[in-house]
4 protein chains.
Amino acid sequence: MSRKKVAIYGGSGYGGSELLRILLFHPEVELVFVTANEHAGKPIREVHKNLNGFTDLLFLPAPDDISTIDGVDLVFFALPHGQALNLIPQLPGGVKAIDLSGDFRIDEPDIFRKYYKLDHAGQIQAKFTYGLTETNRDAIKSAEYVANPGCFATATLLALAPLVKNGLISGKVVVDAKTGSSGSGAKPAANTHHPQRMNSFYAYKPFTHQHVPEIEQHLRQVGSFDTDLIFMTHSLPVSRGIFASCYLETSADLTKEDIGKIYSGFYEGSYFVRIVEGSPDINWVKTTNFCDIAFHTSGKQVVVFSAIDNLVKGAAGQAVQNMNLMFGFDETTGLRLPGTTP
Amino acid sequence: MSRKKVAIYGGSGYGGSELLRILLFHPEVELVFVTANEHAGKPIREVHKNLNGFTDLLFLPAPDDISTIDGVDLVFFALPHGQALNLIPQLPGGVKAIDLSGDFRIDEPDIFRKYYKLDHAGQIQAKFTYGLTETNRDAIKSAEYVANPGCFATATLLALAPLVKNGLISGKVVVDAKTGSSGSGAKPAANTHHPQRMNSFYAYKPFTHQHVPEIEQHLRQVGSFDTDLIFMTHSLPVSRGIFASCYLETSADLTKEDIGKIYSGFYEGSYFVRIVEGSPDINWVKTTNFCDIAFHTSGKQVVVFSAIDNLVKGAAGQAVQNMNLMFGFDETTGLRLPGTTP
Amino acid sequence: MSRKKVAIYGGSGYGGSELLRILLFHPEVELVFVTANEHAGKPIREVHKNLNGFTDLLFLPAPDDISTIDGVDLVFFALPHGQALNLIPQLPGGVKAIDLSGDFRIDEPDIFRKYYKLDHAGQIQAKFTYGLTETNRDAIKSAEYVANPGCFATATLLALAPLVKNGLISGKVVVDAKTGSSGSGAKPAANTHHPQRMNSFYAYKPFTHQHVPEIEQHLRQVGSFDTDLIFMTHSLPVSRGIFASCYLETSADLTKEDIGKIYSGFYEGSYFVRIVEGSPDINWVKTTNFCDIAFHTSGKQVVVFSAIDNLVKGAAGQAVQNMNLMFGFDETTGLRLPGTTP
Amino acid sequence: MSRKKVAIYGGSGYGGSELLRILLFHPEVELVFVTANEHAGKPIREVHKNLNGFTDLLFLPAPDDISTIDGVDLVFFALPHGQALNLIPQLPGGVKAIDLSGDFRIDEPDIFRKYYKLDHAGQIQAKFTYGLTETNRDAIKSAEYVANPGCFATATLLALAPLVKNGLISGKVVVDAKTGSSGSGAKPAANTHHPQRMNSFYAYKPFTHQHVPEIEQHLRQVGSFDTDLIFMTHSLPVSRGIFASCYLETSADLTKEDIGKIYSGFYEGSYFVRIVEGSPDINWVKTTNFCDIAFHTSGKQVVVFSAIDNLVKGAAGQAVQNMNLMFGFDETTGLRLPGTTP
């Protein structure tokens, strides 16, 4: 079987960089072109120096007219929010797409406008499948377009989905989420300025983060979720990693073992979710596509911890995992990459 | 007026080191002796190299019999948990004490035994005042012995006290707390091994941290607090700092401005509590005695953020603040130390 | 005696921030005004949040005409390179100045042009004294204008001066210097982007750093130095600190003890130079005005290590040390600030 | 062809951990057993949590009698210095060995004793080939036993070998080398205690590091090297990485282009050496087997920079590279692992 042909729009940011790190070694796909307007004409290895020795590909400018591209089976969009919104509707028929931005994650136009200050994609939105692989696997397999989940949303949803699916949550859920600095992207800014960030920990966007409606929408797809979600984002002085601490009350008396069975059952066959003892640690998932989850109980009070690499399971890795399903490959193809100790 | 004479038991750890950094420059006290059995006979400046140039004092062995020490007005105990328990009861009459360990923070013998695996101090416990300066100022002024609060307890209690005092919390409170690595002390251990810790974030002691009963006990002293406290501790890859995110629901409709007035009123005259916009940041309180607090609302849902330096406001700094009160000094004496940018 | 009146031009960068941290607590000076065009009208404490609680001063715009300022005894210039060049010549008579930039450090116009791409200050240059306090103390005491040394130059010169003064160096000197990220200033840039910098170490400006001519020029003032200086700069993933490793050969057989005597003698009375055993560590000088120095020998081969905080002894701290001398104060006034452990 | 069978002695340290990370995915070898006395009986994935999901192997105790092991083609020794010294001489005939410690790197018994405080291995030493792959490739191909180079030695030798080989160095060479904290091993110690190390940079073992004789010995094998080597080691606050700055004078007038040709020629066919512009950066080699090299000239003065990951090219990666040669595989087999951005 010949390899599937894929392209990347937006290859110079951290999402694009991680797509490249994975796809260049993927045994079933061929990388046809990678755009990066700012670096057009430059070898990829000069921008992503970790890839020096692995590719001679050049960054290309984005094609003038995306509707005329051919010889491509699937396009990854790793562009700033708002740009794929106009591009994907023009894709030629038969070309699949995975969008790593937030442009197609929210179904409700009003909510989308409130959080993204953009007009909704309209009818094309109906063609998008939400790409949280472990909860939406079957739909993704037959999807034409996938809206890849946000990094915080991925960590939170994987932590909560088994209990929501089983209708076991009572009352509000509090999620205290923390992200590494790469979550702010490859462009230098005040909040990622090293002299300050290395000793910082702070909260941001209280009650207003754009992943809140994304999480709520998908929890309602997973099961019945009609309670309050209190979701707070914080900044960690690491480069990579998201850690979510999820606090909730169960609607029934459940032991830790009961919960263990629920999670093991829910994630059976999900290679990239590892149930661990004690606590996950960002250190053990960094640079990998794993989501490590642990939970503890005290009476009906439950805490679920989850940890992912924001750029891999929270972005590029999950995108490739979804691509694997869309092409009928094993979902772990090209993604069985171990982390490192230390 | 002659200077007050103070001594330190346990000067080689991080708590002792910070006591030294502050007390050596305190205009109203004289440091009479500092013990450190492991380093007895060694110049302090060789152990705490930051003090090179500031003192020629030597570490001394702990006196054989503490009941015979004289010429000392107050002793700071910065020893591992369990050691002050036997020492303070033997202090000569008239010698005040401030204990930085958990030995005298818990009134109930059963709870103390459960969390510390030690037998309670018994009657002497009644002589101890809990040393959260801002909530217990008057009692501390006349205290003979002060149990200095835990670092997590300090950050959490200062965040919650104004609402508890005013009876404004309804239902459970979730506190997601994070600490820097110096919170584990000066002795190397697996969880503070640099190659791993620098990229780590993880949770520990879920539902079982020894500061839980301390926080609950004091909240009940501050106001009426009969609800659940869900308290979780995490490890941050910074050296210094605690950040607490406190989630709660108010029993009344309160705007952010209403809450602002409550906090401003509660902390009027409290120099070391700074109400800030947006979020506190560990970066702005490190090496200082400040506690920075911010809050946000969404309907009745409230989040309160607080940040302190675990070794200063969370230990040595607050201990000196309490000493100032016990000696009748202005509580900020020797403690108006600014942090640094960056 | 009334306090001396000082002003700061350029108070929003890291140099300005550290000047503020020191001068606000200096017992002998009064801060008259602080300019920061970008933040004009804003409270200083909102920009430098570490100073929240310590000052209500506002940043002001730079005066239209510096020649008309009055009521000021001395002005600190902490502006980007090139700006003080035009301002200081217009200062009213009798107003002293300390410039923290490189504008007035180089005597030779051709060398200045080569390294700074600017035209030389001309005759006013003759009024400038190079402000390496420990080697130039007497000249500084009577100076009208002081060119405060560069951070790398300070660390290197203090390491080499005792041997150069005594004519004991034979052949070329290699200096391998490393700086923390705050050396790049407060403005975010690619090389200080946290996700990358936290795991980086690299060299930059090989053989071409602008501190090379500054070091050479001053070594020739200190003693006879007519040999090659190989000087290389590297970037460390810490916020603060410079560490210089200086490799040289002595022209005579000297034991470590001999060298010890030379350094002790040279730095007698220099409070801020500490000769230490083994190696200095950035950790012990950060946030302080100290320069820690150690040396080792192997036959005639000698290595001298020095460590400073680039923003304090390498900038603002040394500037205040120089101001103290210019005003006839003890040179340590306001600068006996200890670092912290950890 | 059936897979080669390999074993690891000492699988719980950082060297062992990296051998596992590479060998578990190596297409041509089978891991027969891995010893770790301290963790005997425990699943490897519980000790090296990055390998959770990749192996169910258990750590085994070291066999009582190594002379009776069979079914093994090659043994890696990743034990503390001094232990392989007694084990390898007892290996059954036909079993190859690669030792990652310093036990067999030094040919001269007196020098070995001076630096390692151990008695020399005696006649068996003659069977050892020094495993710097790029300079010793042919000898390694037919080697029975390989002494894998030290991490500092690897970075230094790869930087200097092309010039030494061509006899182009005149006078002494100064090497200023810096290592990340993982170089101190997996066992917590004062110098790797996170609260201090994260803000530290310091020198250690001045003039006495045990890699000095190793470097000198191999430089004399590579070409004629009879000059002084000044070699200094420093500690960086990163987890992984070594950076060496090598200062030397050429015996002939060479432009940067001349040197470029020498290095390109010398490293032709050496996949893992990348000649880069400007400076290498630890960030681009971490977790990989690459050695990045750059050089600059100023007249006859030359600086050569090299960067490696101390645990990969400086230990486990190079060991596998050598194994590949000893088994007749392509030397890059199992080692074409890209690093990450950021």
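**Group meeting: fold and chain contacts in a predicted model**

Good morning. Among the contacts in chain A between residues at least 6 apart in sequence, 69% join residues at least 24 apart. Please bear in mind throughout that this is a predicted model.

I shall stay with chain A for a moment. Its secondary structure consists of 11 helices and 13 strands. Along the principal axes, the C-alpha atoms of chain A fill a box of roughly 60 × 45 × 40 Å. For 342 residues, a compact globule would have a radius of gyration near 20 Å; the value for chain A is 19 Å, which agrees. As for burial, 59% of the 342 residues in chain A are buried.

Let me turn to the sheet, for which I take chain D. Here 7 strands form an open sheet with mixed pairing, and their order is β8-β9-β7-β10-β13-β12-β11. Which strands stand at the edges? They are β8 (202-204) and β11 (273-275) of chain D; each has a single partner strand, so one side of each is left without a neighbour in the sheet. From one strand to the next, the twist averages 25°.

One point of reference for your viewer is Ile275(D), whose bridge partner in β12(D) is Ile293(D). Helix α9 (residues 256-266) of chain D packs on this sheet, where α9 touches β11, β12 and β13 (301-308) of chain D. The direction of α9 makes about 155° with that of β12(D).

My last topic is how chains A and B meet. In this interface, 35 residues of chain B are in contact with 35 residues of chain A. Several elements of chain B each supply at least two residues of the side that touches chain A, among them the strands β7 (169-179), β10 (242-250), β12 (291-298) and β13 (301-308), and the helices α7 (194-197) and α10 (282-285). By residue class, that side of chain B divides into 20 nonpolar, 10 polar and 5 charged.

What relates the two chains geometrically? A rotation of 180° with 0.0 Å of shift along its axis superposes chain B on chain A, with an RMSD of 0.0 Å. That is the relation of a two-fold axis. Moreover, 100% of the interface residues of chain B are also interface residues in chain A, so the copies meet through the same surface.

Thank you; I welcome your questions.

Note on methods. Residues are numbered from 1 along each chain as its sequence is written. Chains are lettered from A and ligands numbered from 1 in the order in which they are written. This is a predicted model: local features need pLDDT of at least 70, side-chain atom pairs count only at pLDDT 80 or more; totals for chains, interfaces and linings use all residues. Two residues are in contact if their C-beta atoms, placed from the backbone, lie within 7 Å. Helices (H or I, at least four residues) and strands (E, at least two) are DSSP runs, numbered from the N terminus. Ala, Val, Leu, Ile, Met, Phe, Trp, Tyr, Cys and Pro count as nonpolar, Asp, Glu, Lys and Arg as charged, and the others, Gly among them, as polar. Copies are superposed by least squares on the C-alpha atoms of residues with pLDDT of at least 70 in both. The radius of gyration is taken over C-alpha atoms; the globule rule is 2.2 Å times the number of residues to the power 0.38. A residue is buried if 20 or more other C-beta atoms lie within 10 Å of its own, exposed if 12 or fewer, and partly exposed in between; C-beta atoms are placed from the backbone. Two strands pair if DSSP finds at least two bridges between them. Axes are lines fitted to C-alpha atoms, for helices over the stretch in contact, and angles run from 0 to 180 degrees between N-to-C directions.
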